[in-house]
Amino acid sequence: MRWSKAHFPTLRESPQEAEVLSHQLMLRAGMIRRLASGIYSYLPLGWRLIRKLENIIREEMEAAGALEVSMPMVQPKELWEESGRWKIYGKELARFKDRHENEFCLQPTSEEVVTDLLKRDLKSYRQLPLNLFQIQLKFRDEIRPRFGVMRCREFIMKDAYSFDRTSDEAKEAYQRMRQAYRRIFTRTGLEFRAVEADTGSIGGRDSEEFVVLADSGEDEVIACQDCDYAANQEKAVAKTKHSDSASSVPEMEEFATPGVRSIEELAKLLSCSASDLVKTMILVDSEQRVLVLLLRGDHELNLVKAQAVADREFGYKGLRFAREDELQAWKLPAGSLGPQGFPIEHQLLVDEALDVKASYICGANRDGFHTRNIQLNRDLSEIRQAVLRNLQDGECCSRCGGRLKSLRGIEVGHVFYLGKKYSEAMGLCFTDESGKEALVEMGCYGIGVGRSLAACIEQNHDEWGIVWPLGLTPYQVGIAHLGGVETKERAEMAYVELTSKGFEVLWDDRELSPGVKLKDMDLIGIPFQLIYGDKAYQKSQCELKVRKSKTKDWVALGEEVSKLVDLIESEKGQMKERLEEIGGSR
């Protein structure tokens, strides 16, 4: 590609709308432009990168046995009602009516559509296993779009769906997709971790997120420093250390705490640590049933964890915090809640960090009073413990006992083992070998394409611009001539030779100053650059620059192409070795 024939509108300054570094650089490099909140156009350079990433995804998905399809972006309400998600998905689901008053939505994902699609044709066990995928636009009406294409409303996603006869076969399909994801993100040069994750609105039994570690990440990841354990906060657990023997604790007694209404105020009054206090929270489910949660005073509740445990233990769904008017009706003071002598019927959950044999201080359920010497296993009944809190730095890994650390990450992919969630709800069956009807076991697997591109920039940049890895770059080689006719002719010779050898080359043939050309080449992040200048040409030399290492070598004219090819082939060889270590279907 000759730059003079391209449309790469680079910017010198970062636009005010840009919030994170990847957003700034995608705008400055002329990759994207904003149309509306959370909606972007991809310019030629950005679209070229999207297509390259899609091709990597497509190659690995097909190598893992998946077949590409295309499903409609517009989906009928009836399918979402059949799965039960029309009401529970929330306002992110963009809904509308056609001229005939039929209700539809814009696809945020396609579990319903693909299940219905297969239901029309699946008859026999001989048609399974099957894996279908698509790479297509999606729409989620985000309440606060931000960070450019990382958290937008209209986005490109690869979504795949596996269909199997048994749970064992479904788990094997899950592992194949997991392996394919490792290959995809390795090929794109991303440093990532697979972390245990909550299934969220997709549902199912198990799931993992593929997270790119970056300071700008929205997700909090809890990772062990000594083993490969990692999970997001919604799933992270830790090993708790409590005393094996119960201590002698005096009887509970109330004491006055006038005006004290928070953990911080109580700890200050008593000159104690917040970890010596019990925090009591009251939640209500969708059927108005009450759940009491106990946490250590220095810990924060994770509502997703609490909801998962409450659903599993009691069948409680749709948890929310009790309103002030409800507390008043129950004659409970918001600033002095406690678990003992609770005045209404409820279920109780206790966070695992609380030692049920130790002595704590809690609210007395009387305004202006608290209770000391509460021993949970002595003073409460039917205690169920689970991890309900957000984990903190320094807690012990549940797998190896090592130190856990909180990191920031960008979710770029997610794999789910769905089981029979959708097949049961929507009647997706097949006839097994014995002639009996059986439900299909399913999995689903997503990759955010634009988000992965932005994540790559977050991990690969410097003060001059983007530093694309060779596996994901708009062009492998950049050529610039900075002098007169002779240097231009030499640059064109290299351009023609490299192009004829099958390399992707961008030649900056514009009649602009050397400073502008070199800055633009670094800004858009071309990994290998050949620079021809008049002084070097007089010495029969040119400059060979490696963007990532910032190394610059003077190379004799006539040898620059062969040296450049050697560098590229060496890097490709290193990638091949990494992929062989991962293994997979290729």
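Tutor: We will go from the whole chain to its sheets, some backbone details and a pocket.

Student: How many helices and strands does the chain have?

Tutor: Keep in mind that this is a predicted model. The chain has 15 helices and 33 strands. Along the principal axes, its C-alpha atoms fill a box of roughly 95 × 70 × 50 Å. Of the 586 residues in the chain, 51% are buried. Among contacts with a separation of 6 or more, 70% are between residues 24 or more positions apart.

Student: How should I read a sheet, and what is the strand order in the one that contains β29?

Tutor: The strands of a sheet pair through backbone hydrogen bonds, in either the parallel or the antiparallel sense. Here the order is β30-β29-β31-β32-β33, an open sheet of five strands with mixed pairing. The edges are β30 (505-508) and β33 (551-556); each has a single partner strand, so one side of each is without a neighbour in the sheet. From one strand to the next, the twist averages 20°.

Student: In what sense do β29 and β31 run?

Tutor: They run parallel: five bridges join β29 (residues 477-481) to β31 (residues 528-532). Val477 is opposite Phe528 of β31. Helix α15 packs on this sheet and touches β29, β31, β32 (541-546) and β33. The direction of α15 makes about 170° with that of β31.

Student: Which strands form the sheet that contains β15?

Tutor: That open sheet of five strands has the order β17-β15-β16-β18-β21, and its pairing is mixed. Its edge strands, β17 (320-321) and β21 (385-386), each pair on one side only. Helix α7 (residues 303-314) packs on the sheet, where it touches β15, β16 (290-296), β18 (347-351) and β21. The directions of α7 and β18 make an angle of about 135°.

Student: How many bridges pair β15 with β17?

Tutor: Two bridges pair β15 (residues 278-284) with β17, in the antiparallel sense. Val284 has Arg320 of β17 as its bridge partner.

Student: Which strands are joined to β6 by bridges?

Tutor: Strand β4 (residues 74-76) is joined to β6 (residues 103-106) by three bridges, and the two run antiparallel. Val74 has Leu106 of β6 as its bridge partner. Strand β5 (residues 95-97) is also joined to β6 by three bridges, again antiparallel. There, the bridge partner of Arg95 is Cys105. The hairpin of β5 and β6 has five residues between the strands, and one of them, Glu101, takes a positive phi near 70°.

Student: Where else is phi positive in a residue that is not a glycine?

Tutor: Gln288 has a positive phi of about 65°, and this residue lies in the loop between β15 and β16. Asn365 has phi near 60° and lies in the loop between β19 (360-363) and β20 (369-374).

Student: Is Asn365 buried or exposed?

Tutor: Residues under 20% relative accessible area count as buried. Asn365 is at 11%, and therefore counts as buried.

Student: Which residues of helix α13 are buried?

Tutor: The general idea first: an α-helix has 3.6 residues a turn, so residues three or four places apart point the same way. In α13 (residues 514-524), the buried residues are Lys517, Asp520, Met521, Asp522, Leu523 and Ile524. After α13 comes Gly525, with a positive phi near 85°.

Student: Which residues does a cis peptide bond join?

Tutor: It joins Leu128 and Pro129, with omega about 5°. Pro129 lies in the loop between α4 (111-119) and β7 (130-139).

Student: Last, what lines the second largest pocket?

Tutor: This pocket has a volume of about 960 Å³. It is lined by 34 residues, of which Arg187, Pro469, Leu470, Gly471 and Met575 are the closest to its centre. At least two lining residues come from each of α2 (44-63), α5 (167-187), β27 (461-462) and α15 (560-582). The largest share, five residues, is from α15, the helix that also packs on the sheet with β29 and β31.

Notes. Residues are numbered from 1 along each chain as its sequence is written. This is a predicted model: local features need pLDDT of at least 70, side-chain atom pairs count only at pLDDT 80 or more; totals for chains, interfaces and linings use all residues. Side-chain values use heavy atoms; hydrogens and water are left out. On a 1 Å grid over the protein atoms alone, a cavity is a set of points where a 1.4 Å probe fits but cannot get out, and a pocket is an open set with protein on both sides within 12 Å along at least five of seven lines; lining residues have an atom within 4 Å of a point. Grid points are joined across faces, edges and corners, and a volume is the space filled by probe spheres set on the points. Helices (H or I, at least four residues) and strands (E, at least two) are DSSP runs, numbered from the N terminus. Two strands pair if DSSP finds at least two bridges between them. Contact means heavy atoms within 4.5 Å. Axes are lines fitted to C-alpha atoms, for helices over the stretch in contact, and angles run from 0 to 180 degrees between N-to-C directions. Buried means under 20% relative accessible area, exposed over 50%, partly exposed in between (1.4 Å probe, protein chains only).
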